[in-house]
Amino acid sequence: MTDQDKEKLKSLLLKERVDLEKRLLELTDVDFGSDIDSGEQESDETEELSSNIPVSNSFRDRLSDIDEALEKMEAGTYGICENCGSEISMDLLQVNPESRLCKNCKANG
Ligand SMILES: [Zn+2]
């Protein structure tokens with residue numbers, strides 16, 4: 001991966017991050033604000049009762065994936081499959097820059 005590729009993917013990640021945070025805010029703004037604010041400390045069972053929570057949880061999961069990808073960029077380990085250790089191809093990263101797995105490992109579950 002060239003530095004240019006890395007810069008491109010980094011800006012993709014940052015853009016996606018802003019987008020996700022905006023969507024999370026929109027979700028939490030609509031009536032569910034208090035639920036989500038206190039949700040962190042509560043049990044999983046309670047969170048699943050509200051229909052918006054699973055959506056916001058999946059946004060949160062993606063956000064943490066993006067954060068991890070950005071941290072890996074700083075550490076120089078970005079673009080390496082967490083499962084088999086091989087390089088993740090650019091065409092996969094361009095579609096899914098926060099990906100932790102290479103195409104093969106993704107396909108194998
Ligand atoms: Zn792999």
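Read from one end of the sequence to the other, the protein runs α-α-α-α-α-α. That makes 6 helices and 0 strands, taken as DSSP runs numbered from the N terminus (H or I, at least four residues, for helices; E, at least two, for strands). This is a predicted model, in which local features need pLDDT of at least 70 and side-chain atom pairs count only at pLDDT 80 or more, while totals for chains, interfaces and linings use all residues. Residues are numbered from 1 along each chain as its sequence is written.

Now for the packing of α1 and α4. Helix α1 (residues 3-29) packs against α4 at about 155°, the axes being 10 Å apart; axes are lines fitted to C-alpha atoms over the stretch in contact, and angles run from 0 to 180 degrees between N-to-C directions. The two helices are therefore roughly antiparallel, the label for angles over 145 degrees. Residues of α1 including Leu-13, Leu-20 and Leu-24 meet a set in α4 that includes Phe-59, Leu-63 and Ile-66. The residues of this contact split into 11 nonpolar, 3 polar and 6 charged (nonpolar: Ala, Val, Leu, Ile, Met, Phe, Trp, Tyr, Cys and Pro; charged: Asp, Glu, Lys and Arg; polar: the others, Gly among them).

Further along, Asn-83 sits in the loop between α4 (52-75) and α5 (90-95). Asn-83 counts as partly exposed because it has 13 C-beta neighbours inside 10 Å (20 or more would be buried, 12 or fewer exposed, with C-beta atoms placed from the backbone). Neighbours within four places in sequence aside, Asn-83 is in contact with Leu-101 and Cys-105, contact meaning backbone-placed C-beta atoms within 7 Å. Asn-83 and Leu-101 are 18 residues apart in sequence, with 6.4 Å from C-alpha to C-alpha.

How values were computed. Two residues are in contact if their C-beta atoms, placed from the backbone, lie within 7 Å. Angles under 35 degrees count as roughly parallel, over 145 as roughly antiparallel, 65 to 115 as roughly perpendicular and the rest as oblique.
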